[in-house]
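User: Please go through this model with me, taking the folds of two chains and the contact they make.

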Amino acid sequence: MPLAVAANNMPVASLEWFLLVGAFLFACGIFTILTRKNAVSVLMGVELVLNAANVNLVAFSRFVKAPATLGPAGIELPKGVDPHLVYGAPWIGGNVFAAFVIILAAAEAAVALGIILGIYRNLGDVDVDQVTGMKG
Amino acid sequence: MAHGHDDHGHGSGHDAGHGSAAPGGHDDHGHGGGHDDHAHGAAAAGGHGGGHETHFQPAGMSRGLAVLVLALGVAGGFFSLGVTGHFDFGGRVIDLNDLFDTPWPALTVLCLPLVAAFVQIFVGRKLPRRGDWVSTGAVMVGLAISLMMFGRMIGIYDWQFQRIHEIEWIGLFTRSAPGQPDVTSFRIPMGILIDNITVIMLVVVTLISTLVHIFSMGYMVDEPRYSRFYAFLSIFTFSMLGLILCHNVFALYMFWELVGLSSYLLIGFWFEKKSAADAQKKAFLANRVGDIGMFLGIVTFFYFTGQITYAGIFKGVAEGAFSNHMGLLTIAGCLLFCGAIGKSAQFPLHVWLPDAMEGPTPVSALIHAATMVAAGVYLVTRMFPVFTPDALIVVAWFGGITAIFAATIALCANDIKKVLAYSTVSQLGYMIMGLGASAYTNGFFHLWTHAFFKACLFLGSGSVIHAVHTQDMREMGGLWKKMPITFGAMLLSTFAIAGVPGTSGFTSKDGILGDLLFAAHHHAALWPIVVFAFVGAGLTAFYMFRLIFMTFTGKPKVQEKFDHAHESPWVMAAPLVILGALAILSDKGGWFQELVGPPPSAASAAIRMDLIAHGQPVVEEAKESAHEGGEHESAEAHPSNEAASAETSTSARRHPYEDPLEHEKHPAHTTAMIISIFVAGSGIFLSWLTYQKKVISAPKIAAALPGVHNLLLNKYYVDEFITYFLVQPFLALAYGCARFDLKVIDFTVNAWGYFTVLCSRVAGLFDQKVVDGTVNGTADVVQSAGTALSRFQTGRIKTYLAWSVAGALLLVGGFHLVTNWKHVFVRRPAAVVEPAK
Amino acid sequence: MQLIQFAHGLLPFLAKWPDWVVYLAVVFLFAFAILNTLVAPLTGISTYIERRLAGRAQYRWGPNRVGIRSLLAAMPITRPISKLADVQPFKFIGSKIPGGLLQFAADGLKLFTKEDIIPAQADKMLFRLSPYVVMAGSFAAFAVFPVSFWCSAINLNIGIFYVLGMSSVVVPGILMAGWGSANKWALFGGMRSASQIVSYEIPVAIALMTVVMLAGTMNMNEIVATQRSGYGIEKAGFLGWYLFRYGGLMIVPFVIYFIGGCAEVNRTPFDLPEGESELVSGYHTEYSGFRWSFFFMAEYSNMFAVGAIATTMFLGGPLPPYPVQFTESLPMLIRFGEGFFWFFAKSYFFVLVMIHMRWTLPRYRIDQLMQLCWKVLMPIALVWFVLMCGIKMARMEMAAPAEAPVVAEVHK
Amino acid sequence: MRYDYVGVLVFLVLAVGFVFIGMLAQRIVSGFLHTNRPNAAKLSPYECGEEPVGGTFIRFNIRFYVMALVFIVFDVEVVLLFPWARVYQELYAFYRTALFWDMLVFVGILALGLAYIWGKGDLEWVKTFEKHLSPAEKVARPHTKKEAA
Amino acid sequence: MMAALGISLRDPAAWVFLAFAAMTVASALLVAVSRNIIYSAYSLLLTFFGVAGLYAFLDADFLAAAQLLVYVGGILVLILFGVMLTHKIRDINLSNETTNPIVGAVIAGLLFLVLAYVSMRTDWQVVDRGPATPTTQEIGRAFVGKYLLPFEASSILLLGALIGAAYLSRHERKKEA
């Protein structure tokens, strides 16, 4: 008995499973952001949210119908060359965007922690509820 | 070659003696007419002994000469390499047709100066010798490649030779439909065009630029901003090369502006001087005036043809893009010519060029004599097919007026560089005039020859200024003994510009005059131009020899300056020698006439030829003679004839240009030659009489004609005219507007204000009693509401997030729930998995 | 897949089993073998060798008692046999066997039976979890090492990238240990260690990326395969290794990698995180007994991993230094042994080098350490990466010159 | 390919299991041998045998954070460059030299960042400390930069 | 059964998947509710690891490793540093209090419900892509092809982040001194 997953080339679980996990991560992230007083914790919530988005992106990339090609229009490749071998598989877009989200998360974490440390130095604490300089 | 030490060899040794052999005759004149021949004679006697000055350094000079010969040999080597067309590099045969068949050589020539400029800007000061060798080396490499190209051009010898390398620069896509390939809706190509004109211009620009770079090593050596100067020179070289290499008008316009920018930077190089700063602004603004016209012209052509490449525009015009608007085509041509008016300093906008002499002299030589100002001429040459006959008449008139106009001003100028500047303006007028009179080949030929002798003259004047530290010719005199090389080179160039037979200037100017005469026979509107041209030729000879006589011969006016004068170091002298030789030699061979011909006709060519040849079907003849049987009957309307070029690129057959009207033009040329020799001779003679023999007294003439003299001294009051009739009116208009604003509008406003105050007094009572009650009530409501609502603005980011998430939820979920409440709880069928393809 | 086929070929009856069972079994065996050869015992042996080498360096003996003879003498049953050592020829043979060979076993026994102390103030959970993370991170990297020709536990196509990813899992584990110990030295050591490991990961990754760029693949088996030939020779022996390719230019990334690798395993001269004169013992100060030995094991297996990566990426992995055709016709099992021998020998060579470095070089200061990383290794690695890209570009250009990049040629 | 990750899992499980079983066995043996006899001295934080001084609160040098920050930026750079390095060879036939310039622009921009923080002194570990030194002390302290190189 | 659940429970890999998903979900929940911030941080480690596992299940091998390298090796370390730089080691509670947990829970729960509803009710156009292929080269091709501009632009983003964060921390040091 071979692996059932290998039979139909699809991942072990259907798209909805991944989306549900993503949604749960997202909700957890939002909950964390909303309820935590500690700025570092809030940052963790943001990371959760970004991860949730990434799970969705990759899941869609894997499951959902993709455009015909990633190549530019009007440029002919030499004959016999598979455009997917040059421009990449068309469905890879989701993965690429997930990679960009990872980059974004890294940049965001770096800057956010800089800000958090600034708050810490100034207020002696990292309670985001005390950062109300913009209060009207 | 660039490694010459700071060798201020005040060379006037044996080698220099050769150069002064011919001027020796003039020296005798100096003796004859000299007022103070005692001291002069003593000096001359010493001079004949060889090195009357204490600084006698034959070693430096001979080394310079050796380098010179070596350089000429190398240059000749590159040239002959190009002529050969291939060379054997250790078994690998390198095909030099690749110079044209690939874009990289041309791009190398283009980009090296840019790289050098960046190097100079960022690290120039830290480099040894302050980095002058970077710029010089860059442009020298460009010169080598250009010379190879030049040789290859001679080797190919096809007047219709042309190569275009283009890429898509901007392509805007329109998405047609999902899954369908996108459609390109708009493309702007970028590329380079190489043809004979380009190659010739390349050689001119790189050669002059190289020599000026070398010259500047001596001239600018004391300059604290030395490396910046070289950076600017490199930027200029880059811009100019880009201008001549690009294949479309957009790029042309960009580089055109870049050239303007570098000119701005270089004119104001000594920006501490107010005059220099003013001059640079003036040059910039004057150019902008012309450029607006040019831009409008470009836009017009783009609007009608939808193309920006030269070939595309010509094709579009030939295919009748303007067929319903021939008048507009004329206007567009004139607008395009506006750019040339600005850049080539034609009549109304010439004012910037003399002032531009505030820049360092090498700059004047490079930019304001040889190359940049030629850009306008180049523009007209390049866009020649789109000029209608009417537009050409306009062009010719502008050129003619400029030629005579500047020549007369030069008569009275005393600043050596101003004289040269006005002579430049005048010569540019000749070129423009020639192009306007359909003397395409000779007009462009004059650009080529003029570049050399004018650069030589400017560099020579730089050498003189370097020696005597003044620009006023009235303080010079007798310098030929001190500066024999400078004198020799400048004399040769003066012969050329005056049109002495045997020199290059004679050939080109005579060609223009002949063509002009021929054209005037067929178009009466050109007759005044002919008169202008011949008178201008005489005046040119006169004032140029005036310059020579006042500067080099006679006795020194200011002895102190004369004593300190010395021959320039060899880095300055060598370019002079080369350019002096080229001033004589650059017309030899006749290749130019055979390689540069008017381009195949666009829309207006048939009409133009009709104009010139009275309806003879010369167009067809020209085509057939060029194509040897005319493979393409329709070639006249197609600038891009691939079959012909594919043949020329490979075969060794020569395709020289044959002027179909050569026989018709012959009498005119003969006449023109005779007249011009006479005119030039008389100009020289009069000049000799006036400034050497002092038979004719110039001050007396000036006193006799005070009005004319003042007019000329004040340059026809053009600057004043512009000031009073353009600047002042605009200022007055502005003042007027301001006064209108102050008096009328403000009065109205104030009156309205008083009225309002009055009304409000009345209304105030009502307001305080009735309205305030309402308003205060409202305000209280608003305030309490605001206080309540401001609690939402907690300043806490989390609260905001909560609200936004809740809002999004409400929008997405709530809306869906409200609209689809029936379907929310009904399950849809499961998704279907498509099988693998 | 290869492993499954290999297993099928070895034991035909496995074909009846489900694929995944076979696969799991094979990988499990493989992993178990690695754990029990390259990780646990090798740590002990390396300890012994290190102490002996340290003895040589410090002009003393090092462990020389607890050997086979003392083992025999310790147990009453075998004690008579130990007496044989006084008799020829056993005396001669015995003199050739170094003493102290079983020291590591004795140490292991001691550690196993030692008291397991968890400080009262420690965060017990983190304290206990840390060895798991550290061990998992350092052991998982072994999954892709090509221990012989086309023979790794997993033939992962992101091979080297996976190694980098897995080795970065160790860092939170170390911080876990440092924090969980509730000891200022431990926390300090943990932060220093994390900072150092992550910093040196950059030059290391760039140096490895240079190889990936040259090889055009990240699969470690394929990277090894690209090193079979070089300089135009199809089977080039050692000339094909990336260390010697490109005219020796790759030595620079190799050196950068090795320095960075030494720093990543916190070995002298980069042992600041556990410098005993400053921080007692770094992040595992509070650990003792068997729990401590996992950190110890992770350190030594990491050392071996550094050597293995260097071997795979730069020194041809299991490829022998002589051209492979000499032994190509040998039976498969011998070839496997040959590959394993070379892989192990080369990798262990680096371990020995690291041991020598420890007893030769003084320790860096923290600022020097960071400056070495960011101001020396990192710029050089980056520049060298670009340089090698340029050289690769030049070579590809020469191999297949571009057509004239002319899009359109318009003639008059 | 999907099998490969099962393999990774096997390795992870084995490593965790190794530690788990090891600790379990140790627990059993220690229970058997009664080696586990904690007391207050044993359970206090180890500070070389001295009484623990002060709390364990340490004011960390912010440099640790800066290093991690620089690291994460370049880590991401490496992550982005790996796919590029992977396809450099095989796509060269199509993109030619443009491929190299792509990378150079990317690396160059980040090198600018490195140059920036380098020039601004963010890579100096002891810079803030040196500020407080008197000139004489500074002379006495050899500059760290030269030593590090 | 598969049609209803979208997963075959007879498949052992499905159990592994479920274990991973459960681990991810549980650790995410722990991040959200843990009283101890350091536990939150280490739960985040598990979440990241679980997400990496999900990537592996989605055949995104490169992203799985990148997740480990960047999230676990980079961002998590940064967060841990952040925790350690802003806390005393002896804090029992590590000041990880929550405010308004009820409101947060309601919002997050509703959010989850809406997202779950959308993902369950949408008729996804699922296609079979055939056997899984390595993604690294595909991502690389996309990087130098269609996504070249984002690729280069991301370096600008990183440059900005680097300069910005360095500036912030430098500001810190000045104050400190």
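The questions below concern chains A and D of a predicted model.

User: What is the mean pLDDT of chain A, and where is it below 50?
Analyst: pLDDT is the predictor's confidence in each residue, from 0 to 100. In chain A, 88% of the residues reach 70 or more, and the mean is 82. The stretch with pLDDT below 50 still has 17 contacts in the model beyond near neighbours in sequence. That stretch is residues 1-7.

User: How many helices and strands does chain A have?
Analyst: Along the sequence, the pattern of chain A is α-α-α-α-α. The totals are five helices and zero strands.

User: What percentage of the residues in chain A is buried?
Analyst: A residue counts as buried if 20 or more other C-beta atoms lie within 10 Å of its own. Chain A has 136 residues, and the buried part of them is 59%.

User: How many helices does chain D have, and what percentage of its residues is buried?
Analyst: From the N terminus on, chain D runs α-α-α-α-α-α-α. This gives seven helices, with zero strands. Chain D has 149 residues, and the part that counts as buried is 38%.

User: Which helix gives the largest share of the side of chain A that touches chain D?
Analyst: The contact takes ten residues from chain D and eight residues from chain A. On the side of chain A, six residues come from one helix, the largest share, and this is helix α5 (residues 93-123).

User: Are the residues on that side of chain A nonpolar, polar or charged?
Analyst: The side of chain A that touches chain D has no charged and no polar residues. Its eight residues are nonpolar.

Definitions and conventions:
Residues are numbered from 1 along each chain as its sequence is written. Chains are lettered from A and ligands numbered from 1 in the order in which they are written. This is a predicted model: local features need pLDDT of at least 70, side-chain atom pairs count only at pLDDT 80 or more; totals for chains, interfaces and linings use all residues. Two residues are in contact if their C-beta atoms, placed from the backbone, lie within 7 Å. Helices (H or I, at least four residues) and strands (E, at least two) are DSSP runs, numbered from the N terminus. Ala, Val, Leu, Ile, Met, Phe, Trp, Tyr, Cys and Pro count as nonpolar, Asp, Glu, Lys and Arg as charged, and the others, Gly among them, as polar. A residue is buried if 20 or more other C-beta atoms lie within 10 Å of its own, exposed if 12 or fewer, and partly exposed in between; C-beta atoms are placed from the backbone.
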